Amino acid sequence: MVNTQVCLSGLTLANPVVGASGTFGYGAEFAQYYDINCLGSFSFKGTTLSPRFGNQGIRVAECPAGMLNSVGLQNPGVDKVIQEELPRLRRFFHKPVIANVSGFSIEEYVKTCAALDRQEQVGLIELNISCPNVHGGGMSFGFDPALAAQVVKAVKAQVKKPLYVKLTPNAPDIVAVARACQEAGADGLSLINTVLGMRIDLATRRPLLGNVTGGLSGPAILPIALSMVYRVYEAVSIPIMGMGGVSSARDVIEMMLAGATAVQVGAANLVDPLCCKKIVEALPGQLEAMGVEDIQTIIGGAHR
């Protein structure tokens, strides 16, 4: 029997498969299709201090080997998440959940993270400093190592649970940002978020998305994600949750060989709502075929 358990800063997951924020809602949608307790965990929808309607106009566009999204962090705000979403989640998900948090100032990040840190259901906080679909915050922190360090240090001083920082591939030097986050006290890293892109409507000759640009996700970005996880793994000593274009058990293993301890599955959930379940079920057989008895032995294997 293959051991698929992994550990993220003291949080033990039965397997490394994690539903990615932005594609998994607050779990209820997918719980209609299967028992989501089969997952290692999932990262719920990006949550901000105040409610957000999101971006105007068209928010999603298809493209070869992936999709663009420009949702703009639509969410009900942290108070409603705590009062309504978490109690509902408790009815069908019985494992610690990952709280994905975004903000537009250090103060907002701190307040939102502190509120979620007090919730028993939250096992880990994922600090999103990498959203490409909002203005005046989000990704601007993830571009600059010094700004990233400031927000990480401020949040870390107010939370007790493991703090993972979600990084953008659009930063000039993702390795420098990763190092700065580790030095500021981050317990782990999540990478990568979506890659900046756009489509143009031939009928109107104008940008298709209401926000002009959006985040590219799906199989197209898997090679980019792998290269960045590989590079960051060599630069830091804290765990990594890898993501970006993952849609199969083979992709999960590839991501772990690059250096990821756990692997998030995002856009593939929108193509096939059963995708994460299928990956969880296929993973032991794929590992067994490779002669792997303990999944932890493959983490960073491509570096050896």
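Two strands pair if DSSP finds at least two bridges between them. Helices (H or I, at least four residues) and strands (E, at least two) are DSSP runs, numbered from the N terminus. The model is predicted: local features need pLDDT of at least 70, side-chain atom pairs count only at pLDDT 80 or more, and totals for chains, interfaces and linings use all residues. Residues are numbered from 1 along each chain as its sequence is written, and side-chain values use heavy atoms, with hydrogens and water left out.

**Strand E10**
- Strand E9 (residues 163-166) pairs with E10 in the parallel sense over 3 bridges.
- Val 165 stands opposite Leu 189 in E10.
- Helix H6 (residues 174-183) carries the chain from E9 to E10 in a right-handed β-α-β crossover (with the strands pointing away from the viewer, the path from the first strand over the helix to the second runs clockwise).
- E10 also pairs with strand E15 (residues 240-243), again parallel over 3 bridges.
- Leu 191 stands opposite Gly 242 in E15.
- Both faces of E10 (residues 188-191) are covered: Gly 188 and Ser 190 on one side, Leu 189 and Leu 191 on the other, are all buried (under 20% relative accessible area; exposed is over 50%, partly exposed in between; 1.4 Å probe, protein chains only).

**Aromatic pairs**
- The structure holds 5 aromatic pairs (Phe, Tyr and Trp rings, the six-membered one for Trp, with centres within 6.5 Å; planes under 30 degrees apart are stacked, over 60 edge-to-face, the rest tilted).
- Phe 24 and Phe 30 are stacked, at 4.2 Å centre to centre and 5° between the planes.
- Phe 24 is buried at 0% relative accessibility, and Phe 30 at 7%.
- Tyr 109 and Phe 141 form an edge-to-face pair, because their centres are 5.5 Å apart and their planes at 85°.
- Tyr 109 lies in helix H3 (residues 106-117) and Phe 141 in helix H4 (residues 139-143), so the pair ties together parts 32 residues apart in sequence.
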